[in-house]
Amino acid sequence: MSSPGSLPVAIVGGLHVDARRAAVARLLADVPGSVVLHHDLATAPAGTVVRTVRDATGVLSAGEAPLVNDCACCALREDLVPELERIADAGGTPLAVVELWDSVEPKAMAEVVTAGGFTVTGVITAVDPALVLPYLGNGDDLGERGLAAAATDQRTVADTFARQLEYAPVLAVADSAAGSGADSPVADDEDRELLAQLHPTARQVPIGHGDPAGGAREDLARAALAGFDVEAAAAAQHPACALLPTEADAHGVATLVWHRRRPFHPERLYAALEDLTCAAARSRGRFWLADKADTLLHWDAAGGALCVESAGPWLASLPDAAWDLVPPVRRAAAALDWHPEHGDRCQHLVFTSPGLDRDGLERLLESCLLTDAEYAAGPAAWQRLPPVFDTLLEV
């Protein structure tokens, strides 16, 4: 019997189905003996999730897993590790590729696989550059598109796609210029620039529709086996220490990084939320409200919809003894933002979009900060400002 650790596992996901399937086919062809494990959640209305295991020659096995608490994604979680254990026990498999169903997010599955004792050696999100802006702008609920992973799934197409894109260190990029059909959109320089600015640290590996160059084939297989740090990946997405995009402006796409040391006036920011949310295809980061000095707030917007939630305390609000309980990456991020008076409290918001009105956006953001007189009144006065964000934060 093989141990779980002896089976390398690569995760391939993404809402762009054609690109994802092309990436998986590439891995099957280029890593001889590899297999693909896929759970199809589209069958959930019938009460089951359909599991298939296949290699380059076709389907090796198929089965069903019942829903757990009316949740297809829960069924996937419970069935995934036992199925990987069966593959590991059979031996002789150099790579197990977990192909995620459309709206399943790689972060959760990477953590499930790791908790099951397996080594995740790569996480890849497959993307068609021509579809990035349409998906980022799609505020439809997943349920409306037949993409919900559970009856209670309230995610949208836009925010799900954004998280899939931003979590993976490797993007398998379809050559949409080649086209997969007469009606297929063709990516241009703006599309490719938007993708690059949304995730500037990602390694992009091209996957064409035809036979690719040997270098591209080798790159994707190497990326799938290169190694992956689940804890570091989670930290890179946490609002307190997220690895956010940097300033950029090219091919009609711009990224504005807005960083300030003064708190927001809650009422003025609340009044500006709709305009700020619609100002960019994607915006995210952390922010500081004057009436909530201890709470680090997370800003996450895509598809014209904004999610604001508490991400825990600012480190400056914690007693010194509690710092030992904070992960080193969080302490390092706080140190970079540290201010002698306010500690790590700050505004750090990033907006990325084609046609971004940088000047107008900056003016709007600045108008939401405390004025000089309000700032001079001090923290005691700030606490008395109207707590208008309480409804959003469900306080």
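Two strands are said to pair here if DSSP finds at least two bridges between them, and the strands themselves (E, at least two residues) are, like the helices (H or I, at least four residues), DSSP runs numbered from the N terminus. In this predicted model, six strands form an open sheet with antiparallel pairing in the order 9-10-14-11-12-13, and an open sheet of eight strands, with mixed pairing, has the order 4-3-2-5-1-6-7-8. Because the model is predicted, local features need pLDDT of at least 70 and side-chain atom pairs count only at pLDDT 80 or more, while totals for chains, interfaces and linings use all residues. Residues are numbered from 1 along each chain as its sequence is written, and side-chain values use heavy atoms, with hydrogens and water left out.

- Strand 9 (residues 248-250) pairs with strand 10 (residues 253-260) in the antiparallel sense over three bridges, with alanine 250 opposite valine 253; the two strands form a hairpin with two residues between them, and histidine 251 in the turn has a positive phi of about 55 degrees.
- Strand 10 is joined to strand 14 (residues 347-354) by eight bridges, the two running antiparallel, and arginine 260 has glutamine 347 in strand 14 as its bridge partner.
- Strand 14 is also joined by five bridges to strand 11, again running antiparallel, and arginine 282 stands opposite threonine 352 in strand 14.
- UniProt, in an unreviewed entry, places the feature "domain: CobW C-terminal" at residues 253-369; its positions are given in the numbering used here, feature names are shortened, and annotations may be inferred rather than shown by experiment.
- The span 253-369 is 28% helix and 33% strand, and its end C-alpha atoms lie 26 Å apart.

- Strand 3 (residues 48-55) pairs with strand 4 in the antiparallel sense over eight bridges, and valine 50 stands opposite glutamate 64 in strand 4.

**Pockets**

- A pocket is found on a 1 Å grid over the protein atoms alone, as an open set of points where a 1.4 Å probe fits, with protein on both sides within 12 Å along at least five of seven lines, and lining residues have an atom within 4 Å of a point.
- The largest pocket has a volume of about 770 Å³ and is lined by 34 residues, of which Glu105, Arg163, His298, Asp300 and Glu309 lie nearest its centre.
- Elements giving two or more residues to that lining include helix 3 (106-115), helix 5 (157-167), strand 12 (295-302) and strand 13 (305-313).
- The second largest pocket has a volume of about 290 Å³, and of its 20 lining residues the closest to its centre are Glu166, His199, Thr201, Ala236 and Leu243.
- Helix 8 gives the most to the lining of the second largest pocket, with four residues.
- Grid points are joined across faces, edges and corners, and each volume is the space filled by probe spheres set on the points.
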